[in-house]
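Hi,

Here is the structure I promised to pass on to you. Have a look at it first, and then read my notes below.

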Amino acid sequence: MDWLRKTKWLIRQEITWDRMIAANIRGWRFWQIDERIYWLYKPKGNDLIGEELKSMHALLTSIWRFSPERENSHPAPFPVELPVRVIYSIMDKKKGVVIDPYCGSGTTLVAAKILEHDFIGIEISDEYVKHAQERLKNYEKEIKSVKEETAKHVVLKTFKERKEEGKFTGRYRPQTNNRKVMDSRQQEQEMTLFNYVENNKSPPRICKNFNIPKS
Ligand SMILES: C[S@@+](CC[C@H](N)C(=O)[O-])C[C@H]1O[C@@H](n2cnc3c(N)ncnc32)[C@H](O)[C@@H]1O
């Protein structure tokens, strides 16, 4: 972080990427499955934080769960969903230029292209430049993954609607016997709220059928 202190950039948010997979082969430490994403902002005058995110983006949490990309010969690619979440949340409907100074196999560039932004990639290895160019030619293959990510950016109900319908709005809600069946987006929003309930219990586990078990 020393280099950052020497710049004018501030950390707007630290995001944890839960890679949901580990490759440690020895037991000196617990398996490290997370990486950090730093969202930096360069203040403009008194504006130390920048524009507010639209609710549909901000309702996603600061813990991002994506498995690493597997069908990619680059040794350290991230999944296309990750730059899609970044670009779509920050740019929303605006158009701009996305720059990735270490673009590797071009994941960020593919995300920018599909989201219809201009983009610039910088990469030291000729091999990876060719890889990125090839991916960009075949970007259609990745549209499905991009759409799956953008589909998560929705507000199912506003705070006002939830309140009017007597739904959970952030305060402690006693457990009921009714198990809920939700789609993944509903579950993510509910999980966000549950995680902050002051009942000192572990958040509900994610189950395959998206039921939230009683604790
Ligand atoms: C972690 S990888 C990025 C992977 C990329 N996000 C992807 O999904 O494929 C970092 C990349 O930076 C490249 N790199 C390292 N030093 C560089 C430099 N000085 N200038 C440009 N690229 C560099 C490496 O060759 C490597 O492909």
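**An exposed loop residue, and what else I found**

With 11 C-beta neighbours inside 10 Å, M20 counts as exposed, because a residue with 12 or fewer is put in that class. You will find M20 in the loop between β1 (10-18) and β2. The backbone there is worth a look too: M20 is not a glycine, but its phi is positive, near 60 degrees. For background, most residues other than glycine have a negative phi.

Before going on, please keep in mind that this is a predicted model. The mean pLDDT of the protein is 83, and 78% of its residues reach 70 or more. Over residues 194-213, however, the pLDDT is below 50, and beyond near neighbours in sequence this stretch has 25 contacts in the model.

Now for the overall picture. The protein has eight helices and five strands, and along the sequence they follow the pattern α-β-β-α-β-α-β-α-β-α-α-α-α. Of its 215 residues, 15% count as buried. Taking the contacts between residues at least 6 apart in sequence, 60% join residues that are at least 24 apart.

Which residues of helix α4 are buried? They are T107, T108, L109, V110, A111 and A112. That makes six of the eight residues of α4, so the helix is largely enclosed by the rest of the structure. The cover over these buried residues includes the helices α3 (81-91), α5 and α6 (143-150), along with the strands β4 (97-100) and β5.

After α4 comes E116, which sits in the loop between α4 and β5. E116 is another residue to check for its backbone: phi is positive, about 65 degrees, although E116 is not a glycine.

Where do the buried residues of α5 fall when you look down its axis? The buried ones are Y128, H131, A132 and R135, and they fall within an arc of 95 degrees, so they line one face of the helix. These buried residues pack against α4 (107-114) and β5 (118-121). On the other side of α5, D126, Q133, E134 and K137 are exposed.

There is also a ligand to look at. Of the 13 residues around the ligand, P77, Y102, G104, S105 and T107 come nearest. T107 is also one of the buried residues of α4. By class, the shell around the ligand has seven nonpolar, five polar and one charged residues.

Last, is L48 buried or exposed? L48 counts as exposed, because it has 11 C-beta neighbours inside 10 Å. L48 is in the loop between β2 (34-41) and α2 (55-58). Leaving out residues up to four places away in sequence, L48 touches L10 and P43. L48 and R12 are 36 residues apart along the chain, and their C-alpha atoms are separated by 8.5 Å.

Best wishes

Key. Residues are numbered from 1 along each chain as its sequence is written. This is a predicted model: local features need pLDDT of at least 70, side-chain atom pairs count only at pLDDT 80 or more; totals for chains, interfaces and linings use all residues. A residue is near a molecule or strand if its C-beta atom, placed from the backbone, lies within 6 Å of it. Ala, Val, Leu, Ile, Met, Phe, Trp, Tyr, Cys and Pro count as nonpolar, Asp, Glu, Lys and Arg as charged, and the others, Gly among them, as polar. Helices (H or I, at least four residues) and strands (E, at least two) are DSSP runs, numbered from the N terminus. A residue is buried if 20 or more other C-beta atoms lie within 10 Å of its own, exposed if 12 or fewer, and partly exposed in between; C-beta atoms are placed from the backbone. Two residues are in contact if their C-beta atoms, placed from the backbone, lie within 7 Å. The arc is that of the directions from the helix axis to the C-beta atoms. pLDDT is the predictor's confidence in each residue, from 0 to 100.
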